[in-house]
Amino acid sequence: MREFRKADRLNDVHYEVRGPLLDEAERIEASGQRVLKLNIGNPASFGFRTPQVVVDTMRDRLSDVEGYSSSRGLEEARQAIFDYESGVKGIPNVRMENIYTGNGASELINLVMTALLNDGDEILIPAPDYPLWTAAATLSGGHVVHYLCDEQSNWYPDLDDIRSKVTARTRAIVVINPNNPSGVNYPPEILQGIVDIAREHGLMIMADEIYDRLLMDGKRHTSIASLAPDLFCITFNGLSKSHMVCGYRIGWMVLSGRIELGADLIEGINTLSSMRLCSNVPAQSIVKVCLGASISSTNDYLVPGGRIYDQREYIYNALNSIDGVSVTKPDAAFYIFPRLDVRRFGITDDNQFALDLLRRKRVLVVRGTGFNWPAPDHFRIVYLPDIDTLRQAMEALADFLSDYHQGA
Ligand SMILES: Cc1ncc(COP(=O)(O)O)c(C=O)c1O
């Protein structure tokens with residue numbers, strides 16, 4: 001019989017939804033042992049619930065959202081997105097026809113990469129990144145050039161590194177702010193620096209701001225598009241994390257600034273948007289209530305006494321007290337990206353590190369190179385589990401590292 005092989009274009013696409021580490025975790029669980037999972041950013045897996053008003057709104061609306069919507073999305077959802085991105089976030093020159101809803105921000109990131117990139121076009125994406133960006137750009141034939149975020153400077157993008165990597169083939173700069181996996185929120189000066197580089201070289205800016213409503217310590221989020229009225233920008237956002245509705249699948253993108261520069265690209269975006277008919281309409285029906293001022297949603301989690309805040313304090317202190325581990329304090333979301341002293345532990349392969357930790361202590365983390373970080377010296381923890389679970393995991397990690405030497 002003829003074998004069916006995946007398309008060649010997938011050969012360089014790395015996106016670790018599955019893989020040997022998760023297979024191993026499942027094998028351990030199937031043998032009846034508990035795995036402490038610090039690997040998935042899915043609040044529902046850790047007891048966080050969707051606000052009742054959101055569930056009720058979707059239930060009440062189900063009978064009038066049975067059909068396809070316009071391919072960009074329901075007018076009422078896009079009006080709420082307009083009010084938020086233009087009114088609250090100050091993004092300039094947003095028009096209703098340039099707002100699109102999607103089945104999560106993920107669908108729209110893939111869609112824009114397909115619409116934008118020709119084979120070999122370069123796109124600047126941060127390292128570390130949320131790896132969907134690199135995978136989607138690569139799948140579309142783009143050549144991903146990673147610019148460094150600098151751990152010594154609070155994980156802010158290294159502007160000199162960005163500048164040195166712009167070439168005649170560069171089309172766009174991607175900014176993930178607040179960042180997954182570092183959890184850091186960028187100050188306006190850094191964003192302004194990126195805008196200046198984009199302006200100098202005629203690049204478009206794509207901003208993934210899905211964590212902009214999950215800030216702690218009174219920090220404020222600046223949307224990079226609000227600093228760039230004279231550039232063509234696309235801002236991605238969604239409700240998955242801010243309203244604990246990852247499974248509903250609702251996100252959006254907003255085109256802004258000098259829209260006319262993107263006229264041809266927009267034609268391509270509209271074709272692709274129509275080809276998927278529309279995004280999940282019941283999920284669009286909650287946008288208005290979620291972005292309206294009436295529910296505080298996750299805000300209570302993000303202040304002292306709230307789960308995300310307290311868990312961050314715990315994990316940050318616990319990690320920094322382990323010999324050979326150091327970490328920058330995150331401002332946002334629920335991720336932390338610790339550094340390992342690779343000399344001390346003899347680490348040359350972070351996949352092996354994660355596998356050894358899983359096998360010996362049944363703690364599941366994601367290796368740093370999974371986020372396109374170039375060295376095997378980091379790993380990511382999702383600190384959504386409660387403090388008791390985090391404490392068990394940190395005690396296990398400290399014990400594991402007390403005598404770990406890779407290859408020994
Ligand atoms: C930075 C970032 N962007 C986008 C997404 C995907 O979001 P959505 O659920 O809206 O597809 C995630 C999910 O973890 C993320 O961390």
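**Exercise 1. Find the residue in E4 that is the bridge partner of Pro-126, then work out how the two strands pair.**

Step 1: Pro-126 has Tyr-147 as its bridge partner in E4. Keep in mind that this is a predicted model.

Step 2: Zoom out to the whole strands. E3 and E4, the latter covering residues 143–150, run parallel to each other and are joined by six bridges.

Step 3: Together, E3, H5 and E4 form a β-α-β unit, and it is right-handed.

**Exercise 2. Find which residue of E6 stands opposite Ile-123, and say how many bridges link E3 and E6.**

Step 1: Start at Ile-123 and look across to E6, where Ala-172 stands opposite.

Step 2: Count the bridges. There are three between E3 and E6, and the pairing is again parallel.

**Exercise 3. Sort the E3 side chains by the way they point, and decide whether the strand is enclosed or open.**

Step 1: Recall the rule that side chains in a regular strand alternate between the two faces of the sheet.

Step 2: Apply it here. Glu-122, Leu-124 and Pro-126 point one way, while Ile-123, Ile-125 and Ala-127 point the other way.

Step 3: Check burial, for which the cut-off is under 20% relative accessible area. Six of the six E3 residues are buried, so the strand is largely enclosed by the rest of the structure.

**Exercise 4. Track down the cis peptide bonds at Pro-128 and Pro-181, and place each proline in its loop.**

Step 1: Remember that most peptide bonds are trans.

Step 2: Go from Ala-127 to Pro-128: the bond is cis, with omega near 0°. Pro-128 sits in the loop that links strand E3 (122–127) to helix H5 (132–139).

Step 3: Now try Asn-180 to Pro-181, which is also cis, with omega near 25°. Pro-181 lies in the loop between strand E6 (170–176) and helix H7 (188–201).

**Exercise 5. Look at the positive phi values of Ala-333 and Asn-372: is each residue buried or partly exposed?**

Step 1: Ala-333 has a phi of about 60° and belongs to the loop between strands E10 (325–326) and E11 (335–336). Its relative accessibility is 0%, so Ala-333 counts as buried.

Step 2: Asn-372 has a phi near 60° and is found in the loop between strands E14 (366–367) and E15 (379–382). With a relative accessible area of 24%, Asn-372 is partly exposed.

Definitions and conventions:
Residues are numbered from 1 along each chain as its sequence is written. This is a predicted model: local features need pLDDT of at least 70, side-chain atom pairs count only at pLDDT 80 or more; totals for chains, interfaces and linings use all residues. Side-chain values use heavy atoms; hydrogens and water are left out. Helices (H or I, at least four residues) and strands (E, at least two) are DSSP runs, numbered from the N terminus. Buried means under 20% relative accessible area, exposed over 50%, partly exposed in between (1.4 Å probe, protein chains only). Two strands pair if DSSP finds at least two bridges between them. A crossover is right-handed if, with the strands pointing away from the viewer, the path from the first strand over the helix to the second runs clockwise.
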